[in-house]
Structure formats: structure tokens, C-alpha cells
Amino acid sequence: MTPLFPVAGYGLVGLFGLLIGSFLNVVVHRVPRRESVIRPASHCPHCGHVLRAWENIPILSWLLLRGRCHDCGGPIAWRYPALELMTGIFSVVVAWQWGFRWSLIPALLFTWILLALTLIDLETQLLPDRITKPGMLLGLLINASALFWSGLALTTPWNALLGMVLGYGSLWLLATGYLKMTGRHGMGGGDLKLLGLIGAWLGWQAVFLTLFIAALSGGLVAVAFLLGGKGRDYAIPFGPYLALGGWLMLLWPHEIVQGYLHLLGS
Ligand SMILES: [Zn+2]
């Protein structure tokens, strides 16, 4: 490969990530409202005018318009360009860590699904079935392709199937146990499906450490909230931490296993 290729490759992945981020904005806004992500076309939430092509360019349009609608001057939240930028950066990180091979495609898809679910969970405390269920199925299908050709798969079909069952099942056990002991619902059904989804994409081996990272990071944030005086009843969704764990397990599985073993040994 020529030295020029990686640079151009990262640039392309980054630009593509910006466009996907633009679509994720639509997904995050509309899926919890049970609206179609295809129709109607993107429009201003204030005056309803349909965005012209030049008003719909990731980040650039927002900067050109200085965060205001061209027609009515209504404010356009900074989270729209922020999510576009984040998706672009995350995509480049995945390409950089993963390399340019066929399985980069599912690695990116997985990243984008996790990103959308994280933002929806933060905003609505829900992980919609409309994303988690087809997401699980897509993971199984991609890994089932290894039956014919192993280039695209992230793990073997068997590992994926077991991962889905183990991911869903382990959280189900935890949630049921918690309910029996405390009489309170600790986790939503969406969390179960999300860990099932992560298992379906990465295989059963990733499930335990995903859960470990989620519990650790979620615990740290909960302690920070308590110390910050936000109170113990402050509801913190678990989905973003599961997504974080799944994403780290996609990118650095060996490093995390080594780190975990090191932690046990010390
Ligand atoms: Zn407007």
C-alpha cells in the first residue's frame, strides 16, 4: 500500500462518518417519537421549511448559518453538528484501530448503532426495540456470513449466537435477582437487548468484560453524582455504559483482557 492511501482512506471514512452522523441526528430525534426516518425530509423544527441541499451539509451548514434557520432565524441546537463531528471522529478511530479490511464495514455499523442508542437512552431513558431487535439480527447475519466467507464477520456464527443468548440471559438473571431481593426494577428490558446485541456482534467472549466495563464506569459516574450532591435517586440509564463497554471491546479486546487479568492478579 502506498503511504498516501491510509491518509486518503481516513479522510474518506471521516467524511462518510459526518454524513452518517447527520442521519443519526434524524434517527435520534425521530425513532423515540415513532416517526419514519425517511419521510418527511429534514426540516426546521420552528417554521417547518424543508432544508435545501446546501443547508444540510454536516457541520459546515451549521457554521455558515451560525446555528440559525435560514428562513425563520430559529435556533438550531449545537448538538446536531456535535453528533456529526463525534460520528466522524469515532469512525476514524475505528478505521485507525481496525485497518482497511472488509470487516471494517461491520465494525463501523456496530459503532453507529451504539452511538444512536447511547444518545436516545440519555435523552429518553429508553432503548427502542426498533433499533435493538433488528440490530441483534443484523449482528447474527453478518457473523453467519462466515459460513461462506470469513472476510466480513467479527466472530464465528456460533460465538455470535451464544453471545446473544449469554448477553440477554446474564442481564435477565441479574435483573430478576435484583427484583427478587429489593422489589425494585433495576434495569429496563432495553438493557437486556442491548447486551444481547453486543454479544451477537462480538461473540460471547466479549459479554462478560462489556458488563464489567459498564458496571465499573457506571459505578464511577454514580459515585461522582453522589459526591456532587445530586442524590441517590438520580436515575442514570445503563445503556450508555453498556455501549461504551461494547465499543471498547470491539477496539481493544486483547488489551482489556490483559488489563483485567492484571487487575485480578494484583
Ligand atoms: Zn425555520
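Predicted model: local features only at pLDDT ≥ 70, side-chain atom pairs only at ≥ 80, totals over all residues.

Me: OK, back to L242. Buried or exposed?

Reply: L242 counts as buried, because its relative accessibility is 0%. The cut-offs are under 20% relative accessible area for buried, over 50% for exposed and partly exposed in between, with a 1.4 Å probe and protein chains only.

Me: What does L242 touch?

Reply: Not counting residues up to four places away in sequence, L242 touches L171, D191, L194, L195, I198, T210, L211 and A214. Contact here means heavy atoms within 4.5 Å.

Me: Switching topic: which domains does the assignment give?

Reply: Domain 1 (1-100) and domain 2 (127-266). Those bounds come from an automatic or database domain assignment. The C-alpha centres of the two domains lie 27 Å apart, and the contact takes twelve residues from domain 1 and eight residues from domain 2.

Me: How much area do domain 1 and domain 2 bury between them?

Reply: About 830 Å², with 76% of it on carbon and sulfur atoms. Buried area is the accessible area (1.4 Å probe) that two parts lose on being put together, summed over both. On the domain 1 side, V31, Q97 and W98 supply 52% of the area buried against domain 2, more than any other three residues.

Me: And how many salt bridges or polar contacts between domain 1 and domain 2?

Reply: The salt bridge count between domain 1 and domain 2 is zero, taking a salt bridge as a side-chain nitrogen of Lys or Arg within 4 Å of a carboxyl oxygen of Asp or Glu. Three residue pairs, both at pLDDT 80 or more, are in polar contact between the domains. A polar contact is a pair of N or O atoms within 3.5 Å; within protein, one must be able to donate a hydrogen and the other to accept it, and residues adjacent in sequence count only if both atoms are side-chain atoms.

Me: Which element gives the largest share of the domain 1 side?

Reply: Helix α3 (residues 79-98), with six residues. The residues on that side of domain 1 divide into eight nonpolar, two polar and two charged. In that scheme Ala, Val, Leu, Ile, Met, Phe, Trp, Tyr, Cys and Pro are nonpolar, Asp, Glu, Lys and Arg are charged, and the others, Gly among them, are polar.

Me: How many salt bridges does the count come to?

Reply: Five. One of them pairs the side chains of R79 and E123 at 2.4 Å, N to O. R79 lies in helix α3 and E123 in helix α4 (residues 104-124), so the pair ties together parts that are 44 residues apart in sequence.

Me: What else is in there?

Reply: K193 and D129 meet in a salt bridge at 2.7 Å, N to O. K193 sits in helix α7 (residues 189-202) and D129 in helix α5, 64 residues apart. K193 counts as buried at 15% relative accessibility, whereas D129 is partly exposed at 33%.

Me: Which residues form a network of salt bridges?

Reply: R52, E55 and D71. The R52 and E55 side chains meet at 2.8 Å, N to O. R52 is partly exposed at 34% relative accessibility, and E55 is buried at 6%.

Me: Where is N143, and what does its side chain do?

Reply: N143 is in helix α5 (residues 129-144) and is buried at 1% relative accessibility. A polar atom of the N143 side chain lies 2.8 Å from the backbone nitrogen of L154.

Me: Last one: which peptide bond is cis?

Reply: The one joining R39 and P40, with omega about -10 degrees. P40 is in the loop between α1 (4-30) and α2 (60-64). R34 is in the loop between α1 and α2 too, and R34 has a positive phi of about 60 degrees although it is not a glycine. R34 is exposed, with a relative accessible area of 75%.

Definitions and conventions. Residues numbered from 1 in each chain as written. Heavy atoms only, no water. Helix = DSSP H or I, 4+ residues; strand = E, 2+ residues; numbered from the N terminus.
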